[in-house]
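Here are my notes, as promised. Have the structure open while you read, and go through the points in order.

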Amino acid sequence: MRKLKTAAMCVAATVILSGCQSGVTDFGLGSQTKAPTVNASTLPAKTGPAVGDVLGFGPARVALLIPRTAPGNGSAVAKQIQNAAELAISDLGGDVMELVIKDTAGTPAGAITATQAAIREGSAVVLGPLFSSSVTSARSIITQSGRPLVAFSSDPTAAGAGGYLISFLPDQLVSRSVNYAISQGKRSFTAILPSGAYGNLVERQLRSTIQASGGQLLAISKYQYNSKSVQAAITEALGAAQQSDAIFIPDGGNTPAAIIRQLKRLGVDLNNKMVIGTGQWRTANLSAPELQGAVFADMDQARFQAFKQRYAQKFGSEPTVNAALGYDAVLLVGGLLKERPGQQITATEIQRRQGFIGASGIFRFLPSGLNERGLAIFQVQDGVAKAIQAAPSSFSPTQ
């Protein structure tokens, strides 16, 4: 298959930070760089024919665990990840790895069965699963084998002990958004959050970020997903919102505009306040008048847009960020395998401090299994999100 030129790779492929940008090492679709010295064992031997759809070929076998037959949205996400994996295998040249697609059905039991099969068949790495409970179950199996797992869940509790999360983690989006507001002189905050696990996670990070800056969190109110509950949360937060420098609404969809509209109706003057969101706002109607001027943190859109164009050309539909994560995961593993042919991927390689860059932007894995990402700040202007503070192009070498 045709290999990408280096210039194209810098637009769309995942790299170890040095080839396309300062401090990043090129993954090898164009140029090769010397890999770090790592004490690694040889790749596991393939054991018999792989069970599942297979993409590519080569000495290494890698399993991709996705919920192909899960109910609801799970199967649609799985299809996007599989499509993106196909694109990544093509970009790698097709001869780096044998990628075996395995269905988890979106359940912990399915994840365990698929992980056990992947290990039996000699997979060197497992990519996926998607859902938090499935990731935890798969990790309990794969850590006994000493092979890494790179999963797609955004639940930080699913990480650890050889299980890495490549997804966008809510706490980082919260921290980036709030720290930007603080850098602009905003010191007092009111937050209106959804109830449940996501809202609890956001609250913890919000409190931590504001406390570290010496700011004040004047109030937090929470809502269930019904009009009466949202109205009650707004009413509860009203007094604090009038006194705050910033209003934090992390949820997406119709929620941000509805909350801001009601705050204004109840007499809150937002002219000198900063309204803050997160990357969840990509699901909102940014043309809503209430959202103009608001800011939120999100990934590097330039790389994602380039990936979206290539994906749409090949598959005839626009991908979500889940597809970009699938693409980056496959290309990440392929790049590491190309660096050290015949050698098993180690934690040292995955946890490189300089990190990686791909369709989803710059990221690096931490020993905890969590990741750190470089995020940009966007402001809603004239109905679209415009970058007002770029994502970092590299991680500090001292970090």
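1. Let's start with Lys 308. This residue counts as buried, because its relative accessible area is 16% and the cut-off for buried is under 20%. Keep in mind that we're looking at a predicted model.

2. What does the side chain of Lys 308 meet in a salt bridge? The partner is Glu 318, at 3.3 Å from N to O. Lys 308 belongs to helix α9 (residues 301-315), while Glu 318 sits in the loop between α9 and α10, so the two are ten residues apart and the pair links distant parts of the chain. Glu 318 is exposed, with a relative accessible area of 56%, whereas Lys 308 is buried.

3. A search of the whole structure turns up 14 salt bridges. As a reminder, side chains of opposite charge can pair when their charged atoms come close.

4. Another of these is the salt bridge between Glu 98 and Arg 61, with 2.5 Å from N to O. Glu 98 is in strand β4 and Arg 61 is in strand β3, so this pair ties together parts of the chain that lie 37 residues apart in sequence. Buried or exposed? Glu 98 counts as buried at 14% relative accessibility, and Arg 61 counts as buried at 4%. Arg 61 and Glu 98 also belong to a network with Lys 46, joined by salt bridges that share partners.

5. Now for a pair inside one helix. The side chains of Arg 207 and Glu 203 form a salt bridge at 3.0 Å, N to O. Both are in helix α6 (residues 197-213), and because they are four residues apart there, about one helical turn separates them. Arg 207 counts as partly exposed, at 43% relative accessibility, but Glu 203 is buried, at 18%.

6. On to the sheet. Six strands make up an open sheet with mixed pairing, and their order is β2-β4-β3-β5-β6-β7. Which strands stand at the edges? They are β2 (53-55) and β7 (163-165); each has a single partner strand, so one side of each is left without a neighbour in the sheet. From one strand to the next, the twist averages 25°.

7. Strand β3 (residues 60-66) pairs with strand β5 (residues 125-127) in the parallel sense, over three bridges.

8. Last stop: Thr 143, in the loop between α4 (132-142) and β6 (149-151). Thr 143 is partly exposed, with a relative accessible area of 32%. A polar atom of the Thr 143 side chain lies 2.9 Å from the backbone oxygen of Arg 139.

9. What is Thr 143 in contact with, leaving aside its neighbours within four places in sequence? The answer is Ala 161 and Gly 162. Thr 143 and Gly 162 are 19 residues apart in sequence, and the distance between them in space is 6.0 Å from C-alpha to C-alpha.

Note on methods
Residues numbered from 1 in each chain as written. Predicted model: local features only at pLDDT ≥ 70, side-chain atom pairs only at ≥ 80, totals over all residues. Heavy atoms only, no water. Pairing = 2+ DSSP bridges. Axes fitted to C-alpha atoms, helices over the stretch in contact; angles between N-to-C directions. Salt bridge = Lys/Arg side-chain N within 4 Å of Asp/Glu carboxyl O. Buried < 20%, exposed > 50% of the residue type's maximum accessible area, 1.4 Å probe, protein only. Contact = heavy atoms within 4.5 Å. Polar contact = N/O pair within 3.5 Å; in protein donor to acceptor, adjacent residues only side chain to side chain.
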